[in-house]
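Subject: Structure for you, with notes

Dear colleague,

Here is the structure I promised to hand over, and my notes follow below it. Please read them with the model open beside you.

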Amino acid sequence: MATSAKGTSMNRHPRLFELLAYVQTHGTVSVEQLADTLGVTLQTVRRDVQRLADEGLLARFHGGVRVPSSTIENIAHKQRENLNAEGKIRIARDVAAAVPNDCSLILNIGTTTEAIARALHGHTGLLVITNNLNVASILSANTHSEVIVVGGVVRGWDQGIVGEAAVDFIRQFKVDIALIGISGIEADGTLRDFDFREVKVSQTIIAHAREVWVAADSSKFNRPAMVEVAKLSQIDRLFTDAPPPDPFPDLLTDAQVRYTVASSTAAPSTPKVNP
């Protein structure tokens, strides 16, 4: 079957995600380097790069490729939904397994937190506060839990709620667990995002939670973004889909962050957790 719908290739071809993650880690990469790393022909790499460039995920130049975004703008919500969707599902499964019934949560903006919301469908007794209308819509189908939607300005392109009204609303609460998605984790140990209004909300969420869990697929490591959300030392757990590259294992250990690498198996299993 031919792949003709824009945005579906990232789910059908795992090699494309591997290619994209490599470019995001290394910045600017030659086509020859990609072919050697992936063990494929130059023709295959050029075809894969063109496909990713057509989806706006990579930028081509003569003889090489780079990540198209700067530190000031995230890629589109629909593209992020398709980017490593399988990895986000695995992360969400492990996060949901760690969340107990009968607790209070805050979920922020992001496609990974939306995957977590779907994975929480079978839980009971949850009280979930969210500034993500997609999360609210997903969790509202669970009649055994309660959802509170934060007030504020709605961003039409991803249904996120931001602004001072959202910050003031969240300050009323103290929840058991904050489940945070993030745009990038840089090698200096900072968690970063693109929209300063969203960052202000995320910082307030972190300040008003007893535990802070970050869910970030492996493409987020070494990904630059403009605004600092927090330091690794401010979080308690990290859930990801592949072993973090250097220097992150040492950074996580020094910050006393427990991290879980989601299993690649479809069925629930014991995830790999650092000591």
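In this predicted model, the axes of helix α6 (residues 85–98) and helix α7 (residues 111–119) come within 8 Å and cross at roughly 55°, where axes are lines fitted to C-alpha atoms, for helices over the stretch in contact, and angles run from 0 to 180 degrees between N-to-C directions. That makes α6 oblique to α7, since angles under 35 degrees count as roughly parallel, over 145 as roughly antiparallel, 65 to 115 as roughly perpendicular and the rest as oblique. Lys 88, Ile 91, Ala 92, Arg 93, Val 95 and Ala 96 of α6 meet Thr 111, Thr 112, Ala 115, Ile 116 and Ala 119 of α7, contact being taken as heavy atoms within 4.5 Å. Helices (H or I, at least four residues) and strands (E, at least two) are DSSP runs, numbered from the N terminus.

As to the source, this is a predicted model in which local features need pLDDT of at least 70 and side-chain atom pairs count only at pLDDT 80 or more, while totals for chains, interfaces and linings use all residues. Residues are numbered from 1 along each chain as its sequence is written, and side-chain values use heavy atoms, with hydrogens and water left out.

Turning to the sheets, three strands form an open, antiparallel sheet in the order β1-β3-β2, and two strands are said to pair if DSSP finds at least two bridges between them. Both β1 (28–30) and β2 (59–61) stand at the edges with a single partner strand each, so one side of each is left without a neighbour in the sheet. Neighbouring strands of this sheet are turned by 25° against each other on average, direction ignored. Between β2 and strand β3 (residues 64–66) there are three bridges in the antiparallel sense, and the bridge partner of Phe 61 in β3 is Gly 64. Helix α3 (residues 31–38) lies across β1 and β3, running at about 80° to β1.

Another open sheet of three strands has the order β10-β11-β13, again with antiparallel pairing. Its edges are β10 (184–185) and β13 (227–231), each with a single partner strand, so one side of each has no neighbour in the sheet. Strand β11 (residues 190–193) pairs with β13 over four bridges, and Thr 190 stands opposite Lys 231 in β13. Helix α10 (residues 196–207) packs on this sheet, touching β11 and β13, and its direction makes about 15° with that of β13.

The structure holds 14 salt bridges, each defined as a side-chain nitrogen of Lys or Arg within 4 Å of a carboxyl oxygen of Asp or Glu. One of them joins Arg 155 and Glu 198 at 2.9 Å, N to O; Arg 155 lies in strand β7 (residues 153–155) and Glu 198 in helix α10, so the pair ties together parts that are 43 residues apart in sequence. Arg 155 and Glu 198 are both buried, where buried means under 20% relative accessible area, exposed over 50% and partly exposed in between (1.4 Å probe, protein chains only).

Arg 192 forms salt bridges with Glu 186, at 3.3 Å between the closest N and O atoms, and with Glu 228, at 3.9 Å. Glu 228 lies in β13 and Arg 192 in β11, so this pair ties together parts that are 36 residues apart in sequence. Arg 192 is buried at 15% relative accessible area, whereas Glu 228 is partly exposed at 31%.
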